[in-house]
Amino acid sequence: MGDYALLYILFAPFVGAIALIFVSNRQAMLVRGIAAGSALVSLLASLYLFFAYDHVKGGFQFVQRFEWSRQLGISLHLGVDGIGTPLVLASSILLFAGIFVSWHIKDRTKEFYIWLLILAAATIGVFMSLDLFFLFFFYEMSVIPMYLLLGMWGSHTKKYNEMTDPDGLKQRDSVGFIFNFGSNSKEYAAMKLVLFLSAFAIVALMGILLIYKYSGLNTFDILVLREQAKLMNIPVLGTTLDKIIWLLIFFGFASIAPLWPLHSWSPVGHAAAPAATSMLHAGVLMKLGHFSIIRVAFEILPETTRELMPIAAVLCMFSIVYGGFVAFYAKDTKYVIGYSSSSHMGYVFLGMAALDYISLTGAVMYMFAHAMATGMLFAMAGWVYDQTHSRDIPSLGGLSNRMPFISGCFVVACMASIGVPVTRYLAVPGAGALAGAVAKISRPCILKSAQFGYDGKGQVRIAAGTDLAEAWRHMGADLGILEAEVDFALEASVIIARGVDGGMALYPPVENRHRHHILDETIAPARLAESTVQQAEDTARRIAEALDLVGLLAVELFVTKDGKVLVNELAPRPHNSGHWTIDACVTSQFEQFVRAVCGLPLGSTAHHSAAVMKNLIGDEVGQWQEILRDPDAKLHLYGKAEARPGRKMGHVTRLKPLK
């Protein structure tokens, strides 16, 4: 496979699309099978490519070149480097996942999968093209499937569906809502996407043709142009040709990134698109702009890039801030994810603008990580829409009670999207999937129930000799999460309150010690390095902001031996590890919770004493008289009638002077 890996990856989706032309829509399972099979071939070849790429050698590898037109200097020249390889893999992963996310589609199933396969193949073609002609060809090819997928299988916004004329009759107008994104139709979104991308693609094409004409090399080959093109210091319109070309290339491709102020087509497209299309749109289509700028502007005009890239540094700050604010106030799930994606892409531009090897590496890693996280978010948003026919966030209250597994996946994807570090994990949808998940995570690992797990209940450690069927039975749920076991230094937690106005108050991180998987003792404040404390608090703030929290949230953490923090669990309520605040803080966690949800000013979280909180579990509550003999002990009994093993009957807090 090695020599032809790129051809397998690129042409497998095309072959699948051609094969589907000859299959009837009545054979729905055959249609889905062909689509999934072609996507699987592309995915397996992409995985081979990713792991076979020689990172020590670097440069372009797996190169294939087929001359197309010697007279015009056009060739199908393919190859990948350390930038293209992960993006090709991301495209293949999202295509394969998108096939199954769209399994329920019954309206013109064949046509849907044909265009989805062509869309993915076009994005893959951009990431492996070393010829400007074919880079632009594949770039433009991606626009046509997007238009059809949005216009035919997309959805209208809630406001559009509810529109009526003065007589109360349903009113449909795809054009009259340019300045009111909440009322747009899927046809409007499709048309806006095509007009924006096509118009700015012409701008980029002008830059490419100027490179071709004035390089004097009669070739579109990027590797030849980057070594031999001489475009500097040719005076044009009071400036130089290289600057004009650079601006045409940059703004032509920046529209798809999308960079402010060329961004407005993107969130509208996200909202209207079916789930699989949104996954590819956010996961890889948006990266075509960054990649093309790197491949053309950075490779062929490096000196001009150093001079003009600060333009991107300024504009991307607007993308970051504007996208974040709009996402914060949006009420449509897809608009939230779409605008947050625009904000994320601003960070990629910021990494590119630093013009440093490390920052560019970070930008590429960010693009891959964003593709995975946002792809998962759009998949979950699409699933919820298919079940509820609503994307209106206020209308989806209580979703976690009805869809706990989907809600859990949403939270995990949110954590990934905001860059919160977690241990390695896999969702386990049933007992039959456990063996495969354990093989991927490796033993020892922890199997957790996806719902109703508490104080060690619904958790099983899977060691070398553990019977998997027995582990699943003991876990006692239909859905599970498998996590890699963490060799941590200690367990900690941070409790954060966030009010209706967005104001936040944090209690200091505490150290938690467990016995038989049940919290036994909390030491406040935790004995941590200042840098670790800062990590823990920053993580809690980011999570509370991302979840638009109103109330109280306990963020449980693993602190590794090198001082890093990993998020373990979230508890959106007053938490056992916060009971020490009753006696040691100005405002207890319980009072703070009431203040937050009632819209009252948050209280001070200052602690006047250090504290050690000890849970009284089971028969330990019988020691209450002895505890009261300690003048520094604060006893709290919960009034439970029966003491059972593992049951929390109360707690005692012992205060100590602050050091």
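Trainee: Which residues line the largest cavity?
Mentor: Please keep in mind throughout that this is a predicted model. The structure holds 1 cavity of 30 Å³ or more, and the largest cavity has a volume of about 30 Å³. Its lining consists of Pro 258, Trp 260, His 263, Ser 319, Tyr 322, Gly 323 and Ser 342.

Trainee: Which element supplies the largest share of the lining of the largest cavity?
Mentor: The lining includes Ser 319, Tyr 322 and Gly 323. The largest share amounts to 3 residues, and the element that supplies it spans residues 310–329. That element is helix H15.

Trainee: How do the residues of that lining divide into nonpolar, polar and charged?
Mentor: Pro, Trp and Tyr count as nonpolar, whereas Gly is counted as polar. On that basis the lining of the largest cavity has no charged residues. The remaining division is 3 nonpolar and 4 polar.

Trainee: Turning to the pockets, how much space lies in the second largest pocket, and which element gives the most to its lining?
Mentor: The second largest pocket holds about 1600 Å³ of space. Its lining has 41 residues, and those nearest the centre are Ile 93, Met 372, Met 376, Tyr 425 and Leu 426. Among the elements that each supply at least two lining residues are helix H2 (28–52), helix H3 (84–101) and strand E5 (425–428). The largest contribution, 8 residues, comes from H17.

Trainee: How many of the residues lining the second largest pocket are charged?
Mentor: The lining of this pocket includes 35 nonpolar residues. A further 4 are polar. The number of charged residues is 2.

Trainee: Let us consider the salt bridges. How far apart are the closest N and O atoms of Arg 306 and Glu 303?
Mentor: The structure holds 27 salt bridges, and Arg 306 forms one of them with Glu 303. Both residues belong to helix H14 (residues 302–308), where a spacing of 3 residues separates them by about one helical turn. Arg 306 is exposed at 51% relative accessibility, while Glu 303 is partly exposed at 48%. The closest N and O atoms are 2.8 Å apart.

Trainee: In which helix do Arg 541 and Asp 538 both lie?
Mentor: The side chains of Arg 541 and Asp 538 meet in a salt bridge, 3.2 Å from N to O. Arg 541 is partly exposed at 30% relative accessibility, and Asp 538 is also partly exposed at 30%. The two residues are 3 residues apart, about one turn of the helix, and that helix is H22 (residues 530–546).

Trainee: Are Arg 108 and Asp 107 buried, partly exposed or exposed?
Mentor: The side chains of Arg 108 and Asp 107 meet in a salt bridge, with 3.3 Å from N to O. The relative accessible area of Arg 108 is 35%, and that of Asp 107 is 41%.

Trainee: Which residues are linked in a network of salt bridges?
Mentor: A salt bridge here joins Lys or Arg to Asp or Glu. The network includes Arg 226 and Arg 295.

Trainee: Is Gln 592 buried or exposed?
Mentor: Gln 592 lies in helix H24 (residues 589–597). Beyond its neighbours within four places in sequence, Gln 592 is in contact with Ala 497, Ala 505, Tyr 507, Leu 552, Thr 587, Leu 602, Gly 603 and Thr 605. Its relative accessibility is 0%, so Gln 592 counts as buried.

Trainee: How far apart in space are Gln 451 and Gly 408, C-alpha to C-alpha?
Mentor: Gln 451 sits in the loop between strand E6 (445–449) and strand E7 (459–462). With 27% relative accessibility, Gln 451 is partly exposed. Gln 451 and Gly 408 are 43 residues apart in sequence, and their C-alpha atoms lie at a distance of 8.7 Å.

Trainee: Finally, what is the radius of gyration of the chain?
Mentor: The chain has 25 helices and 17 strands. For 659 residues the globule rule gives 26 Å, and the value for this chain is close to that, so the chain is as compact as a globular protein of that length. The radius of gyration is 28 Å.

Notes. Residues are numbered from 1 along each chain as its sequence is written. This is a predicted model: local features need pLDDT of at least 70, side-chain atom pairs count only at pLDDT 80 or more; totals for chains, interfaces and linings use all residues. Side-chain values use heavy atoms; hydrogens and water are left out. On a 1 Å grid over the protein atoms alone, a cavity is a set of points where a 1.4 Å probe fits but cannot get out, and a pocket is an open set with protein on both sides within 12 Å along at least five of seven lines; lining residues have an atom within 4 Å of a point. Grid points are joined across faces, edges and corners, and a volume is the space filled by probe spheres set on the points. Helices (H or I, at least four residues) and strands (E, at least two) are DSSP runs, numbered from the N terminus. A salt bridge is a side-chain nitrogen of Lys or Arg within 4 Å of a carboxyl oxygen of Asp or Glu. Buried means under 20% relative accessible area, exposed over 50%, partly exposed in between (1.4 Å probe, protein chains only). Contact means heavy atoms within 4.5 Å. The radius of gyration is taken over C-alpha atoms; the globule rule is 2.2 Å times the number of residues to the power 0.38.
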